[in-house]
Amino acid sequence: MIRTGKYPRSICASCSFRGRSFSTTRQSQGPQHPPQTGYARLTNRGLISITGVDSTTFLQGLVTQNMFIPNDPNRRVRHTGSYAAFLNSTGRILNDAFIYPLTQADEPAWLVEVDKDQVPKLLKHLKKHKLRAKLKLRALDDGERTVWASWKNHSEPRWAAYNLESTSSSPFPAHASIVGCVDTRAPGFGSRLVVPGDGDLRTYFQGEDETHIAATGEEVDLDTYTVRRMLHGVAEGQSEIISESALPLECNMDMMRGVDFRKGCYVGQELTIRTHHRGVVRKRILPVQLYNDGLGAISSSSDSPVYDPTVDIRLPPAGSNISKVSARKGRSAGKFLGGIGNIGLALCRLEMMTDIALTGEASQYSAEQEFKVSWEADAEVSHGQTLKSGEVKVKAIVPTWTREFILAGIAKSSAANNHEGHRARDYVEQLEEEESQR
């Protein structure tokens, strides 16, 4: 299994944020480029079981996603998994998660998938809110169930998702206790699967039709999956989605279908709803290209970074500030979150690092402007590695689907504002007319 790239997988979020990670080492050869069709064992993810008659309503009050089928008068429980987040009381993300219903269980039951290192912290959070709810919480042991990512680039439709209203049978083999969902975090990104035991994923789909969501193609390691994830601009885990700091919409959870804006109250809802209705999210997580040469070498028309496993670039510490390449020190343009090889993810100020104009005001963006991440030497040694000072240039890339989503939101907000403006003007004219008739 390839272990190059040294992408942080098992360190805590706070250490990663301070840059005490493997990601500053140099490698002559990075992970392979992800195949068009493949699957990966996600050994960095852990599972929590929630069972009991109150488990569904308990989760409903804690997560951004709806545990019931939307607009269903009978309030039927959803029968497919979904992407979601747990927030704190101020609306900041505690954990990004996938939540799966166990439909074959005798009583309501769910599996919650989060960063493996975050399982104890999330369990503590859940127990704090349990009160008298009739349910049981348990962290699953290693090997009890395994989380997989699977993808088939050539066959998955854009923004594919199961039809929650459908009564069709499960796409998974009837003989296997498998749960999962289409991963809606990016178009055609693939599927999430949780299977019993720790065997190979192919064993659960032997003899199944290729049209099923199954293990097709080749198995790749976790680093290769990470490359694919970053090429799609998808952040995952608390080393990239910083716990108690990141906001859901800045982490693209609105376009990733991780937030239901019409469900009832849940912890942290107020700030999320207010930001959504305000219609302007000035910072978002985007994929970035890392480079040392001139900006002219980077294509301005690409909607994805170009990954080259042979490029030798030292990665900045996670959480480093991004600034303009200029003599004058100005406002931070964003934060570098993590990377592998010559690509990464960063929280970017859209109107500084991209050509997207959110308001009618003048944009700060210039196509010729370059951005950089600089860091100082650190005497502290982590895992036998010493952090040395360095600098690398970064270019934010706006994927096509991200651009379309943002521009659609701007148009919708503008239309709503114009509508309110017309209503106010009509009301004033009506009052003036009534006054003149007196």
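N321 sits across from K335 in strand 13. Strands here are DSSP runs of E with at least two residues, helices are runs of H or I with at least four residues, and both are numbered from the N terminus. The two residues belong to a pairing of strand 12 (residues 321–324) with strand 13 (residues 334–340), antiparallel and held over two bridges; strands count as paired if DSSP finds at least two bridges between them.

A word on the model itself: it is predicted, so local features need pLDDT of at least 70 and side-chain atom pairs count only at pLDDT 80 or more, while totals for chains, interfaces and linings use all residues. Residues are numbered from 1 along each chain as its sequence is written, and side-chain values use heavy atoms, with hydrogens and water left out.

Next comes the packing. The largest nonpolar core has 69 residues, and Y225, I241, L290, I322 and M353 have the most contacts inside it. Such a core is a set of buried Ala, Val, Leu, Ile, Met, Phe, Trp, Tyr and Cys residues joined through side-chain atoms within 4.5 Å. Because domain 1 (37–232) and domain 2 (282–378 + 386–398) both give residues to this core, it lies between them; the domain bounds come from an automatic or database assignment. Another core lies apart from it, with 23 residues that include M67, F86, A97 and V114. As for L290, leaving out residues up to four places away in sequence, its contacts (heavy atoms within 4.5 Å) include I313, F336, I343 and V394.

Most residues other than glycine have a negative phi. N71, however, has a positive phi of about 60°, and phi of R75 is near 50°. N71 is exposed, with a relative accessible area of 74%, whereas R75 is partly exposed at 48%. Buried means under 20% relative accessible area, exposed over 50%, and partly exposed in between (1.4 Å probe, protein chains only).

Finally, the cysteines. C181 is buried at 1% relative accessible area, and C251 is buried at 5%. With a disulfide defined as a pair of cysteine sulfur atoms within 2.5 Å, the count comes to zero.
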